[in-house]
Amino acid sequence: MATKLIWVLVTITACILKHGIGQEETEANGVRQPLVPAMFIFGDSLIDSGNNNNLASFAKANYLPYGIDFRGGPTGRFSNGYTMVDTVAQLLGLPLIPPYAQAEYSTDLIRYGVNYASAAAGILENTGGDFVSRIPFKQQVNNFEKTLYQLSSLVGAGELSQGLAKSIMFIGMGSNDYLNNYLMVNYDTKDHYNAQQFADLLTEKYTQHVTRLYNLGARKFVIAGLGLMGCIPSILAQTNTNGYCSDEVNELVSPFNTNVKMMINNLSANLPDSRFVYIDINNAFQDLLINSEAYGFSVVNRGCCGTGKNGGQISCLPFQMPCQDRSKYIFWDAFHPTEAVNVLIGKKAFYGGSEIVSPMNIQQLASL
């Protein structure tokens with residue numbers, strides 16, 4: 001009996017080791033294998049999958065109606081269902097990437113990647129302080145380094161290096177540095193920096209963190225720009241634009257996206273063997289708003305789950321009744337898009353052309 005049990009454990013271990021970091025892509029028994037070994041995710045609430053659940057934080061989404069359309073219910077995702085990175089993971093042939101909070105102590109969970117994103121987090125350390133606990137970009141990279149140490153004990157340094165070079169780093173950072181820093185009345189940031197100076201500060205720090213990821217072995221990067229933040233329900237609720245986007249906020253954020261594109265060009269030129277993809281979330285949202293009816297959206301300026309003007313004065317509260325047809329709404333709550341939008345933009349990033357994703361799409365990046 002003991003011999004049989006040992007044989008079963010060995011077989012299970014072999015199956016775990018067959019795919020993920022350290023293994024080549026294969027085709028077996030007609031089952032599609034992942035296009036990349038793993039994906040590692042860094043960001044904020046737009047792509048967080050539950051890292052704040054156990055933190056002493058006001059930025060949480062582990063309660064209904066969040067996750068109302070997600071199999072299994074609320075997970076900590078700030079959506080009614082999928083986030084953009086969930087869609088990208090599936091298109092890559094990967095399982096949904098677990099949050100670091102779950103994967104930290106499980107070597108089984110980390111093989112296909114880890115999601116380090118944290119709601120309220122920013123590029124700057126002090127961003128999101130009003131929410132108390134959150135995991136800034138710098139700490140997310142620290143956590144990634146801890147994961148690499150775990151992986152190296154599983155597959156060895158050589159195989160880890162090869163697998164990591166083929167894996168994708170997905171980064172979506174910066175929105176909180178505006179929403180929960182620069183635009184906050186209790187922060188004095190705007191007294192010290194104009195729009196361009198602040199964008200310069202953010203991309204200086206951004207460059208440092210991406211370079212550190214490269215030095216840790218990452219080679220393939222997908223970087224998402226910021227969307228039309230002047231169009232989210234929270235901003236609409238604070239401005240007198242009659243439901244139209246705030247040009248002032250959109251113009252404030254614009255230098256950041258310009259800087260990130262320049263950052264990518266500079267990093268591509270200076271980091272050997274690196275590959276970068278830029279997702280133009282700004283263009284994607286402009287397209288969505290202009291052609292909303294063609295995409296099937298009839299509500300473009302109100303959160304499906306929220307209270308007050310534009311459903312954006314108070315974001316989605318526990319057990320609040322959301323709108324009935326989430327597929328018709330662009331925004332789920334005061335800040336975040338619906339699953340329908342996340343899936344749409346995820347597919348555009350994966351398959352799309354240069355108007356949304358450049359210099360190649362994620363599918364093309366994965367094939368390199």
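Me: What makes β2 largely enclosed by the rest of the structure?

Reply: Five of the five residues of β2 are buried, so the strand is largely enclosed by the rest of the structure. Buried means under 20% relative accessible area, exposed over 50%, and partly exposed in between, with a 1.4 Å probe and protein chains only. Ile168, Phe170 and Gly172 point one way from β2, Met169 and Ile171 the other way, and all are buried. Strands here are DSSP runs of E with at least two residues, helices are runs of H or I with at least four, and both are numbered from the N terminus.

Me: What do the numbers rest on?

Reply: This is a predicted model, in which local features need pLDDT of at least 70 and side-chain atom pairs count only at pLDDT 80 or more, while totals for chains, interfaces and linings use all residues. Residues are numbered from 1 along each chain as its sequence is written, and side-chain values use heavy atoms, with hydrogens and water left out.

Me: How do you know that β1 and β2 pair?

Reply: Two strands pair if DSSP finds at least two bridges between them. β1 and β2 (residues 168-172) have five bridges, in the parallel sense, and Phe40 has Met169 as its bridge partner in β2. β2 also pairs in the parallel sense with β3 (residues 220-224), over four bridges. There, Val222 in β3 is the bridge partner of Phe170.

Me: Why are β1 and β9 called edge strands?

Reply: The open sheet of five strands runs β1-β2-β3-β4-β9, with mixed pairing. β1 and β9 (357-358) each pair on one side only.

Me: Which residues touch the most other members of the largest nonpolar core?

Reply: Among its 90 residues, they are Met39, Phe40, Phe170, Tyr178 and Tyr206. A nonpolar core is a set of buried Ala, Val, Leu, Ile, Met, Phe, Trp, Tyr and Cys residues joined through side-chain atoms within 4.5 Å. A second, separate core has 13 residues, including Phe78 and Val299.

Me: Why is Leu64 called partly exposed?

Reply: Its relative accessibility is 35%, so Leu64 counts as partly exposed. Leu64 is found in the loop between β1 (39-43) and α2 (84-91).
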